[in-house]
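Please have your viewer ready.

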Amino acid sequence: MLFVSVFGHDLFLKLDSYFVRVNQKVSISVLNGTFQESEGAVAFARLTDMSVVSPSGTVSHPLEKDLTKNETTAFLNITPKEAGSYIAGISTMWRESALPADEFNKYLPAEGIPDILENRTRDGELDKDAKYRYSKYVKTIFQAGNKTTDSYNTSLGYAVEMVPQQNPYKLKKGASLDILCLKDGKPLAGQIVTTGYEVGGKMMGETSARTDKDGMIKVKLIGAGKWYAKFINMVKIDDPKLNYESKWATLTFEIK
């Protein structure tokens, strides 16, 4: 088994503009790195799902031919056939990796996983190297034409998922968006979620907060731009070859 001594990158679905035209081909960038840069194109063979939810609620599954790529970035290519609010999502297979104890301890608080560091401290495991597996579940919501529709809060049934409780395309700068965070279909309480946005090529307003007892987080949309929300849910597992399991979720949309 090959262990790679780096943690996985963030994975986002991002559009040049989240406001598109009906019957116009849309290429959604699959950013494997940061919200601004992809460092490696995700291969179709690594995916366990690609889904698109139409405004009428129909779920379709793009094919391998719909995923193209260049040297650094994959692109999910779809053509919206009706006006309204769309969801696109992808999920990945498990990958395994490892980090020396010191690197792992530094990584945890930097990526919004301080609870695991606290547990390692409590259990006297700060000098213990980490072997882990991770998978990723990412979604985007975009708008075709001017008609807003109600399929924006459709759950894709992913292992972890973020479900907006209002349609972002009915909201403007200054409003708030409630996002329900789920794990195995159930509300995920106490999860640290990081949000921020990009405007004019600059990253702005990144902040983190914990979900409430109902798995909900309220995001104040302080600026217009391309928004993201993300979290990593990591747990210790009882496995002779692995110490931890992490599931990554991201959600993206745009606010005018």
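This is a predicted model: local features need pLDDT of at least 70, side-chain atom pairs count only at pLDDT 80 or more; totals for chains, interfaces and linings use all residues.

Residues are numbered from 1 along each chain as its sequence is written, and side-chain values use heavy atoms, with hydrogens and water left out.

Let's begin with the rings. The structure holds 11 aromatic pairs (ring centres of Phe, Tyr or Trp, the last by its six-membered ring, within 6.5 Å; stacked means planes under 30 degrees apart). Two stacked pairs are listed here.

| Pair | Centre to centre | Angle between planes |
|---|---|---|
| Tyr86 and Phe142 | 5.2 Å | 10° |
| Tyr197 and Trp227 | 4.6 Å | 20° |

Tyr86 is in strand 8 and Phe142 in strand 10, so their pair ties together parts 56 residues apart in sequence; strands are DSSP E runs of at least two residues, numbered from the N terminus. Tyr86 and Phe142 are buried (under 20% relative accessible area, 1.4 Å probe, protein chains only). Tyr197 and Trp227 are buried too. Ring pairs also link Phe104, Tyr132, Tyr134, Tyr244 and Trp248 into a cluster.

Lysines come next. The charged end of Lys14 sits over the ring of Phe35, 4.5 Å from its centre, and Lys256 lies over the face of Phe19 at 4.4 Å from the ring centre (NZ of Lys within 6 Å of the centre and within 35 degrees of the ring normal).

Technical notes:
Rings of Phe, Tyr and Trp (its six-membered ring) pair if their centres lie within 6.5 Å; planes under 30 degrees apart count as stacked, over 60 as edge-to-face and the rest as tilted. Helices (H or I, at least four residues) and strands (E, at least two) are DSSP runs, numbered from the N terminus. Buried means under 20% relative accessible area, exposed over 50%, partly exposed in between (1.4 Å probe, protein chains only).
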